[in-house]
Amino acid sequence: RQHIILRQKLLHTSQTKPKPLEYISQRQPYSTMPPLLSHSSSSLSLLRPLFPIKFPFYPPSFLKSQFYPRSPPAHLFKPSLSRHVSTRSFPSIRGSRSSVSMESSSPEPTVSLDSVTQDLKNQTLGPDDVSKAKLKLEDLNWDHSFVRALPGDPRADTIPRQVMHACYTKVLPSAEVENPELVAWSDSVADLFDLDPKEFERPDFPLLFSGASPLVGALPYAQCYGGHQFGMWAGQLGDGRAITLGEVVNSKSERWELQLKGSGRTPYSRFADGLAVLRSSIREFLCSEAMHCLGIPTTRALSLVTTGKYVTRDMFYDGNAKEEPGAIVCRVAPSFLRFGSYQIHASRGKEDLEIVRALADYAIRHHFPHIENMNKSESLSFSTGDEDHSVVDLTSNKYAAWTVEIAERTASMIASWQGVGFTHGVMNTDNMSILGLTIDYGPFGFLDAFDPSFTPNTTDLPGRRYCFANQPDIGLWNIAQFTATLSTAKLINDKEADYAMERYGNKFMDEYQAMMTRKLGLPKYNKQLINKLLNNMAVDKVDYTNFFRLLSNVKADPKIPEDELLVPLKAVLLDIGQERKVAWISWVQSYVHELAASGISDEQRRPKWIQ
């Protein structure tokens with residue numbers, strides 16, 4: 001119940017309009033990008049419409065003309081999944097107390113920081129393994145491989161500019177702070193890199209993780225990258241308000257990057273101030289940890305610190321700017337490399353193509369080492385399905401194998417999103433992780449009433465490019481841009497690029513169908529039954545989470561009287577007329593017959609953790 005209340009207090013801001021892009025009038029035309037490959041449409045046909053209703057979908061012809069071109073755990077998509085996760089499902093997320101109040105993005109009463117942090121403080125689960133040696137901040141094992149291996153900006157100032165021939169700029173956090181305070185933290189994230197949770201109690205912790213005091217061993221930098229935003233090439237973007245402190249290698253030789261979001265200007269800030277407010281920082285902290293607990297690949301959040309300063313924000317972009325408490329989130333991930341990290345260098349001509357190769361070599365060496373160690377004895381050769389019966393041999397080109405794995409990870413991640421009703425809101429290529437992680441929590445949202453055209457990003461209206469139902473196709477479009485970049489750098493050929501996109505389509509459909517099958521508690525996929533269900537849910541705006549919870553209460557008994565079939569679903573089928581009631585009775589009858597034929601007992605269908 002505490003998490004339900006907390007979500008109502010904080011996550012209702014999901015439809016807040018993002019800040020308009022200052023450079024929008026300066027966007028380069030798409031034709032200024034390097035020539036793109038003429039990929040086949042074999043993979044596109046796999047992404048057939050998932051919802052048999054009308055909404056702004058991108059048809060295959062559009063996708064092709066516009067160059068559109070780790071599996072989640074089984075428990076994730078059981079029939080009674082709820083995103084209102086019980087407190088026992090969360091990691092250790094703790095909070096201190098403060099009297100600062102927080103602005104809300106809706107007419108609801110103002111939420112005090114006191115109440116927020118008290119709710120956070122109640123989450124007390126600790127790390128999974130308490131037997132490992134715990135380290136103080138001064139003893140962390142820093143390893144700055146990104147800075148060592150890749151070219152950097154010779155300048156260290158934060159003047160907004162085009163940073164050429166470099167992957168990063170060394171900059172120091174510069175956000176002004178005054179009595180910064182640690183609001184919330186996660187013991188389980190600290191455990192990832194062997195940090196002793198007692199370090200959170202240090203008086204100087206807020207100073208260190210607001211960037212006001214240097215962290216021993218850190219080597220801060222901001223990354224340079226570009227990207228397509230809303231389908232248009234936007235040129236250089238980069239870390240405009242996030243500064244990476246460096247990489248920490250834990251006792252398992254796992255690499256974790258620590259990054260301070262909202263810590264001040266960088267050369268990539270353009271006209272922005274490089275700061276973040278408490279409202280959006282809380283959303284990122286909570287949602288990234290919640291997504292992790294739902295089993296969905298994501299960046300993590302170590303800590304949330306208030307700066308003690310106020311930041312001016314026009315929340316509704318209506319000319320009524322207000323001051324809000326400033327805050328800084330420490331984000332954690334194995335890497336923050338994005339599709340755009342490669343795109344920016346491919347877009348700058350032959351001189352920077354070697355940087356694309358160097359970045360690919362770096363990523364494979366440190367984050368995909370199994371690909372580096374592949375050999376021909378593994379026989380990873382696949383037919384492309386083309387008329388010439390050509391074959392793609394992934395063991396002969398590590399970049400092709402790497403591209404395919406990125407495509408599959410991306411497909412698996414997006415299938416996971418569809419399972420819980422998560423809508424990212426800004427699936428630009430600069431917001432796509434090469435590790436298949438959910439990254440950059442901006443105007444995200446979760447489905448309540450099932451609406452395939454739902455988008456939490458008001459900037460995305462009325463086109464709804466990034467709406468819930470379009471996410472799978474947008475993922476493929478982004479993969480197409482990524483493969484085009486690698487093709488421009490001569491790392492993969494046309495057939496290898498086509499094959500990566502085909503594997504994306506296959507992986508997504510496999511994961512999506514398996515997920516929907518689990519959500520209904522069925523032993524095998526039933527396309528007709530699932531399509532009819534989604535159509536009914538869309539027509540009647542049925543709650544996407546609560547419906548599947550209640551569906552697990554339907555008994556596999558064909559003898560249930562017709563007038564009792566909808567009783568278990570009564571709470572979500574509100575205010576439906578007789579015609580719609582008949583449609584739902586018809587579907588439930590088909591579902592019950594399918595359950596009875598499967599031979600699976602009602603008890604087996606229900607998730608054990610909820611009983």
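Biologist: Hi! Are H8 and H9 roughly parallel or roughly antiparallel to each other?

Modeller: Hello! This is a predicted model, and in it the axes of H8 and H9 cross at roughly 155 degrees and come within 7 Å. Angles over 145 degrees count as roughly antiparallel, so H8 and H9 are roughly antiparallel to each other. The crossing of H8 with H9 is left-handed.

Biologist: Which residues meet there, in H8 and in H9?

Modeller: From H8 you have Ser341, Tyr342, His345 and Ala346. They meet Leu353, Ile355, Val356, Leu359, Ala360 and Ala363 in H9. Sorted by class, the contact of H8 with H9 has 8 nonpolar residues, 2 polar ones and no charged ones.

Biologist: How many residues of H8 are buried?

Modeller: 8 of the 8 residues in helix H8 (residues 339-346) are buried, so H8 is largely enclosed by the rest of the structure.

Biologist: How many charged residues does the contact of H9 with H11 have?

Modeller: There are 4 charged residues in the contact of H9 with H11, next to 5 nonpolar and 1 polar.

Biologist: New topic: the largest nonpolar core. Which residues touch the most other members?

Modeller: That core has 103 residues, and the ones touching the most other members are Tyr342, Trp402, Ile434, Leu520, Met537, Phe547 and Trp587. H11 gives the most to this core, with 13 residues. As background, nonpolar side chains tend to be buried together in soluble globular proteins.

Biologist: Let me zoom in on Phe547. What does Phe547 touch?

Modeller: Leaving out residues up to four places away in sequence, Phe547 touches Leu533, Met537, Val542, Leu569, Val572, Trp584 and Trp587.

Biologist: How do H14 and H16 sit, roughly parallel or roughly antiparallel?

Modeller: The axes of H14 and helix H16 (residues 578-598) cross at roughly 150 degrees and come within 11 Å. H14 and H16 are therefore roughly antiparallel to each other. Their crossing is left-handed. H14 contributes Leu529, Lys532, Leu533, Asn536, Met537, Val539 and Asp540 to the contact. The H16 side has Arg580, Ala583, Trp584, Trp587, Ser590, Tyr591 and Glu594. By class, the contact of H14 with H16 divides into 8 nonpolar, 2 polar and 4 charged residues.

Biologist: Now the backbone. Which residues other than glycine have a positive phi?

Modeller: Two to look at are Asn179, with a phi of about 55 degrees, and Lys541, with a phi near 50 degrees. Most residues other than glycine have a negative phi.

Biologist: Where do I find Asn179 and Lys541?

Modeller: Asn179 lies in the loop between strand S4 (168-169) and strand S5 (181-186). Lys541 lies in the loop between helix H14 (527-540) and helix H15 (544-551). At 66% relative accessibility Asn179 counts as exposed, while Lys541 is partly exposed at 46%.

Biologist: Where is there a cis peptide bond?

Modeller: A cis peptide bond joins Leu461 and Pro462, with omega about 0 degrees. Pro462 is in the loop between S16 and H12.

Biologist: Last one: how far apart are Asp448 and Tyr544?

Modeller: Asp448 and Tyr544 are 96 residues apart in sequence, and 5.8 Å apart in space from C-alpha to C-alpha. Asp448 is found in the loop between strand S16 (445-446) and helix H12 (471-488). With 37% relative accessibility, Asp448 counts as partly exposed.

Key
Residues are numbered from 1 along each chain as its sequence is written. This is a predicted model: local features need pLDDT of at least 70, side-chain atom pairs count only at pLDDT 80 or more; totals for chains, interfaces and linings use all residues. Side-chain values use heavy atoms; hydrogens and water are left out. Ala, Val, Leu, Ile, Met, Phe, Trp, Tyr, Cys and Pro count as nonpolar, Asp, Glu, Lys and Arg as charged, and the others, Gly among them, as polar. A nonpolar core is a set of buried Ala, Val, Leu, Ile, Met, Phe, Trp, Tyr and Cys residues joined through side-chain atoms within 4.5 Å. Buried means under 20% relative accessible area, exposed over 50%, partly exposed in between (1.4 Å probe, protein chains only). Helices (H or I, at least four residues) and strands (E, at least two) are DSSP runs, numbered from the N terminus. Contact means heavy atoms within 4.5 Å. Axes are lines fitted to C-alpha atoms, for helices over the stretch in contact, and angles run from 0 to 180 degrees between N-to-C directions. Angles under 35 degrees count as roughly parallel, over 145 as roughly antiparallel, 65 to 115 as roughly perpendicular and the rest as oblique. A crossing is left-handed if the near helix is turned anticlockwise from the far one by less than a right angle, and right-handed if clockwise.
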